[in-house]
Each structure stands twice: as C-alpha cells, then as structure tokens.
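Please look at the sequence and the model together, and follow the account below from the arrangement of domains down to individual strands.

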Amino acid sequence: MILGLSFSHNATACLLDGQGQAVFCASEERFTRRKNDWGIPHLVLDELLAHHVRPGQVQAVAVGEGCMAAYGSRKFADFLYLGNLASRDHTLRSPLRTAALLAREVCGRTFRPRSEYQRLVIDALKKRGIIAPVRFFDHHTAHAASAFHCSPFEDALVVTLDGEGDGLSGSVWHASGSRLELVQKLDEIRSLGKFYRSITALLGLTVNRHEGKVTGLAAYGDADRYRETMRGLLHPEPDAEGLLTVRSRIAEHHMKRFNLRRVRLGGLAAHLGMYWRSRSWEGLLNRMIAAQARSIFAGALEGDPASLSFEEKADIAAAAQAVLEEVVVEYMGFHLERAPSRKLALAGGVFANVKLNQRVLERTEAEAIYIHPGMGDEGLAMGAAKLAYHETPGAKRSVLRSVHLGPAYREADIERACDHHQMRYTRLADEALAERIADALVNEEIVGLFRGRMEYGPRALGHRTILVNPAKREINDVVNKRLGRSEYMPFAPVVLDDAYEEIFEGPKLSGARFTTAFMTITLDVKPAWAKRIEGVVHVDGTARPQVIEREDDPFYYAILSKFRERTGIGCVVNTSFNLHEEPIVNRPEDAIRSFQSGAIDRLVMENLWVEPRDRAPLREPAGAVEVIRQAPVGQPTPR
Ligand SMILES: [Fe+2]
C-alpha cells in the first residue's frame, strides 16, 4: 500500500491499494475542526492506522511537496511547515515565544536553505512505526498527477495553476498512459492564484477560503469599469522560447515584499504592527495580503480601498473574474493548439473557480474537461501517491470514481452520540427513509444527511450534505441565515443523470459530464428551468451541479427520484453540512451540534431519523423501530 501526504494548507493523507486505487483520503481540518489546517495530518494518520492500515503494510510513502525550501533551524521549519494552525497560533499569541523563535534564527543560523524539513517528516513517520522509504515529489508534478491519473482520459493536456508551490505557480504537461511529459513551468512570479487571492483580500474577504465568494460576487458587477486596471496586473505574454506565458504584476509585487533576504526596516515595522493586531497565523496572512492589495490598488480605484461599497466590490470582482477567464482561456487555447489531445485534465487552487472552468471548456478547442475533485493542496497527497504507484512495473491507470473515501461511523457510535446529546432516534428502512426525506423536502424543511464515508475534497457530495427544496430563490437567504453563512452564489443542485440534458444547455454538455460528478463546473440552465429551480440558479443563469447515477449511491438517488415523483423536479439543493466557517462535519457529534444549534429542521444519520427528545416522536411507518436502545448491526463501511 502507498501512503500519500501533503502538509501545506489543507493537510491530507491518502492511501492507495496495490492496484493504485484510492481506498482512503481525508483532510486534517475535518478532525481538528480548523478550516484548511496545515502541517503533518496527525489526526488523519491516527484514523488511518487505527482502522485502515497497519504501519508495516505501508510499502512506500509519497509526499506531494519537495520539502526542500525550508529556511532556518529545525525548530523554525517545524513551526513554519509542519505545525498545525493551533500550534502556530499558540506561538504567535505570545510575543515572548515569537521573539525567541525569531531571535534564534537571526542569531547565527539565519535564513539559509536546509533540508531539515524532509528529516522532520521522516522522523514523524518513524515515530508511528512507518519505516517505508519516503519520496518527496514536486508540488506541481503532484497536482498534475492528481488531475491526469485520476481522470477517465487515456491522453490529455494537463494544466496546473495555483498560488505557489515549490517555487512554481503552474505547469503544462502532455499526458498519455502512465506518462506525464512537462511542456512548460510557470514560476511563482507569474502566479494567477496570487492575483485572485489579492482581490479576495482587497474585498475584505479571507484569503485561501473566500475566493468562491469573489466568483459569486462577480456576477453582480460591471466588468468593464476596472477591466483595463486588471489587464495591467494580469496578462499573457510570450516567454524566451516563444511559448505563451503569463505576467502577474501582483505576484511580482508580492515576491518583492515578502522576500526574507531583502527585509527592509520600514517593512519590518509594518509587519510587526500587523502581528501585534492579529496574533494568529491566518489573521497575519490576511492583513499582510490585504495591505499589499490596498497599496497596489490605491489610485486605481474610484473609492477608498479600505471602505468599498457593494457596487464597487462587485465591479472589482467582475473585472478580476473576467480578466482571469480571458487570460486562462488564451493560455489554454495556445497550449491546446500544440497538444496531441483535446481533453483537459486540471488541478490546482485556481480551478476551484467553477465559472472559470465553464469558460475554459466553452471558449477553447477542448472536447472534454476533468477537474480533480480535491483541486487544492489536499490533492497533493493523492497526486504524490499516484506518482509513486505509476513508477512501479505493470502499473495500470485507475479512475477516481468516488470521493467517499473518509471515515464512516457505525450506528452504535451514532446512537451513543444521540444518547449523550439527549436525542431520540427511529430506524427506518432505506425505502421508508427516502420517502420521509422527500416529504420533508416538499414541505420546505432543511434536511441534514449524515451517511456513509465522508467526502474527500472541498464539496459535500451526498454523505455530509444538507438537502433543501430548490424551487424558491428565498431559500438561499433562509438557509444562509440558519447556517450563519453569507454567500453571493446560490446553492448548488444535485441532479439525476436523466435530468441533466433536460435542465442544462450548452454546446459541450457531454464534455462536461466527466467532471459534473464532483460539482466542479458551472453550466447554463435552460430559461424555462431557471424559473422552476430559482433556488439554485445564479443571476448569470448558471448552476454548478453534482450529477449522480443510480450506481453511484442508490439511496441518494432514491431521495431525488421520490422528490421528482412529487414535484416533477429532478434536482435538489445540496450544500455542505457545516456551520459558519467550520469545516464539513465529520463525526456524529459534529452533526448533532449543528442540529441543536437550529441550523437544520431534520437530521438523518445512517438509517436513523434523529429528533430532540422534547419534540413529538415520528409517527413511524410499518417496519420502523422506535427508539432503539440495543447496539445495532454495524454499517457496511468498516472502521
Ligand atoms: Fe498548490
């Protein structure tokens, strides 16, 4: 078995079996309950070693980062790369601890490149009894492998784009069989991810987390107002070899400002001030990027960058989104013309932008598109593991068909959690349960569904999901309020496969079908349908569907089928089961806590219909068992 790991934001561990098929994958954030948590995924490794693999069964470890660019001592590398967010905040909250950490680096050991980082990883694995050889793969090679080796394509043009990783912000590959042939690298200084991240910060949103809100906001704005400003900051240009590349002035500015070897006294004082106000890793990062964005845009905007109106924010977002789309479409078009394949396999945080992905498919010569479902840095663990697997003789391609790769919980665990939290529960057979859920949706109730193995990647796709009736636009306000969220994009629909072409339109619907299982692309909704499912259609007439087939998940499919029998609508709102700014729920307790907070009306966990003890009990259908006290039979997914 091959263990894949990643440590940068959204640290993740993945396990491949002897055939190269992913059998487990989960991110540390779901266990620590800190969104995009960093460092060694200790709690995921605990889960893996407790329930899925013994240390001696791990034949190889693959890390999706070079882990070579660490500056400073072992302790500093530990803080900066392998410590999770809680441990970083613990250091930053104390000026004394922070000063001691920095002083140790400045006094003698200063910012010299070392390889301590790799040694730290190897030692941490040895402590857990994992002594298999550890391979460190380049960040963008791992992204590329996650895209191509998980895709259904035998050949493809592979493109990776993100903020930065191992000194690069992107790469282009020609892929076929088990081979990935590098065509072009994009240095960090050409980063498109840093461009979009700065816009996020400029709009007062949280970087590495709220980029999707910028995409949603863009649909409300006038792109022309700031288009030229944005084109000045991001545009295509030829490189020395005549290949098209990208100029990103924001990335250039960023690298000048954050170069540790050229620290200026004035800049240091400004950063100390930000540190004093933040005292948390994410807070500090946000303040630094926001300050930089405001200084870049000062003078270019009509309003004060620190206090923008909704209209100005929407216009900025619209221009940034439009220019990102134009640049990526031109860049992809150039490389597609020279590629032996018309299929696109994509990964990297820039492709979390669902609207961009639609534009890329529609406005280039691409025939088909696949975006790896864990397109951000969580995908590096699987990408690295795939790279290691494809180095073994006789390796065969294996498509990633499902993201349900995380932990599952037995009904006994769920019952214990219910008892502890004063909940009653009634077990229903699948058929009766699907009927109940469909009825609740028709009655416009918000249903939390917790069932089977947790999803890998940023989207909830049926196992840690909230379902809602999609008919009315107002449900977005209602549900956002209940969940404590603020979104500019409406909720996404889960759609029955036979309703796909009935609801959506466009010249390349079949080309999008390879990625619609994972909710990674927007599509145009037919105008007649847009009126029937207003709750999931954006102001630009698009929606970002998860399209399901019966064999993907018969129970999930049954809920939608029964909802269609009652309403004639073959889709339902599917949004992630989490409260404001929290990661998607993982354990039964996380789901019950959301229920108790009033976020949802109904909670279904495995086959249990869960209710507060003080609520009138469910009128049970024939065959249902009311309030079960004995430990039930376990669920099919082993723990
Ligand atoms: Fe990345």
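How far apart do the C-alpha centres of domain 1 and domain 3 lie? In this predicted model, the separation between the C-alpha centres of those two domains is 34 Å. The domains in question belong to a division of the protein chain into domain 1 (2-140), domain 2 (154-371) and domain 3 (411-626).

Domain 1 and domain 3 are in contact, with seven residues of domain 1 meeting seven residues of domain 3. On the side of domain 1 that touches domain 3, β3 (22-27) and α1 (29-32) each supply at least two residues, and the largest share, three residues, comes from α1.

The mean pLDDT of the protein chain is 88, and 91% of its residues reach 70 or more. Over residues 620-639, however, the pLDDT is below 50, although this stretch has 37 contacts in the model beyond near neighbours in sequence.

The largest nonpolar core has 196 residues, and those with the most contacts inside it are Val158, Ile369 and Ala385. Helix α14 (residues 310-337) gives the most to this core, contributing 13 residues. Leaving aside residues up to four places away in sequence, Ala385 touches Ile2, Leu3, Gly4, Cys14, Leu16 and Ala62.

Is strand β7 (residues 168-176) largely enclosed or open? Strand β7 is largely enclosed by the rest of the structure, because seven of its nine residues are buried. On one side of the pairing, strand β6 (residues 155-165) runs antiparallel to β7 and is joined to β7 by eight bridges, and Gly165 has Leu168 in β7 as its bridge partner. The two strands β6 and β7 form a hairpin with two residues between them, and Asp166 in the turn has a positive phi of about 50 degrees.

Strand β7 also pairs with strand β8 (residues 179-187), again antiparallel and through eight bridges. Within this pairing, Val172 stands opposite Gln184 in β8. Here too the strands form a hairpin, with two residues between β7 and β8, and Gly177 in the turn has a positive phi of about 60 degrees.

Definitions and conventions:
Residues numbered from 1 in each chain as written. Predicted model: local features only at pLDDT ≥ 70, side-chain atom pairs only at ≥ 80, totals over all residues. pLDDT = per-residue confidence, 0-100. Contact = placed C-beta atoms within 7 Å. Core = buried A, V, L, I, M, F, W, Y, C linked by C-beta atoms within 7 Å. Buried ≥ 20, exposed ≤ 12 C-beta atoms within 10 Å, placed from the backbone. Helix = DSSP H or I, 4+ residues; strand = E, 2+ residues; numbered from the N terminus. Domains from an automatic or database assignment. Pairing = 2+ DSSP bridges.
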